[in-house]
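Hi,

Here is the structure I promised to pass on.

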Amino acid sequence: MKVSLIAYTPDPEMVVAAAAKTCYTTKTIDELMDNLDEESAEQFIDMLGNIGHESPIEHASFTFAIEGVSRSLLAQITRHRIASYSVRSQRYVSEKAFGYVTPPEIAADPEALAIYQEAMAADQAAYDKIVASLTKRHTQTFLDEGMDPKKAKSAARKKAQEDARFVLPNACETQMVVTMNARSLLNFFRHRCCNRAQWEIRDLACQMLTLVREAAPHLFAHAGPPCLNGPCPEGSMSCGKMLEMREKYGRG
């Protein structure tokens, strides 16, 4: 997995502080900005975090480049709907030598790993054979319709990939660009930094949190699983490691 923060709102904490202060003043925006410095912005951001006033932080957004993750993770992250996603297409991009993610528990078990690798190889072989078969048939159809031979072959392969991708596994690697505003990120971190989150998306969330804390430390001072700021909401399903989690995220 590779995660990079490739863009974010310039001076995100100043922007959020200005937006929040607008709710509580009769000053013009220009007057407000003239009286706002980094220290006062940070203090105001801290106050917002303490009282749980989150709507102003929607004015700051963060864009991540994410590589080397599975299609299984893609299915999970897109459940966070207040976000923008651009994902490598299996329809237009060939998976003739697809990479795949191996779960740590499988990697640690030689017998399971051998079965897993055999399954990945079988999926690759099936994909290649289906693409070849459908490409041949579609090419002939396009030629019969009078299409230029070069264009016919290209169009046929894309059409073949569209159907062949159905045999690809959840383990198949993908890459994406994801943009979320700060409030959506706080929600994402509450759900996905939790010990009970699936291991891959938990790893992703932890890496994303590290990156945004560097860019906007006060905005994300309280970010992480819900047990950092109160009792665990999982009830009998709790991991029972609240103190360890608070120490991990610097809230001990």
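**The sheet**

Strand 3 and strand 4 run antiparallel and are joined by four bridges. Strands here are DSSP runs (E, at least two residues), helices likewise (H or I, at least four), and both are numbered from the N terminus. Please keep in mind that this is a predicted model, in which local features need pLDDT of at least 70 and side-chain atom pairs count only at pLDDT 80 or more, while totals for chains, interfaces and linings use all residues. Residues are numbered from 1 along each chain as its sequence is written, and side-chain values use heavy atoms, with hydrogens and water left out.

Across from Tyr85 you will find Val178 of strand 4. The open sheet has four strands in the order 1-2-4-3, with antiparallel pairing; two strands pair if DSSP finds at least two bridges between them. Strand 1 (2-8) and strand 3 (84-87) are the edges, each pairing on one side only. On average, neighbouring strands of this sheet are turned by 20° against each other, direction ignored. Helix 9 lies across strand 1 and strand 2, at about 150° to strand 2. For such angles, axes are lines fitted to C-alpha atoms (for helices over the stretch in contact), and the angles run from 0 to 180 degrees between N-to-C directions.

**The cores**

The largest nonpolar core holds 46 residues, and Phe62, Ile77, Phe189, Leu219 and Phe220 have the most contacts inside it. Its largest share, eight residues, comes from helix 9. Another core, of eleven residues, lies apart from it and includes Met120 and Cys172. A core here is a set of buried Ala, Val, Leu, Ile, Met, Phe, Trp, Tyr and Cys residues joined through side-chain atoms within 4.5 Å. Buried means under 20% relative accessible area, exposed over 50%, and partly exposed in between (1.4 Å probe, protein chains only).

**Cysteines and a glutamine**

Cys193 is in no disulfide, and the nearest cysteine sulfur, that of Cys206, is 4.4 Å away. Cys193 counts as buried because its relative accessibility is 0%.

Gln76 sits in helix 4 and also counts as buried, because its relative accessibility is 15%. Leaving aside residues up to four places away in sequence, Gln76 touches Arg192, Gln198 and Ile201, where contact means heavy atoms within 4.5 Å.

Best wishes

Note on methods. A disulfide is a pair of cysteine sulfur atoms within 2.5 Å.
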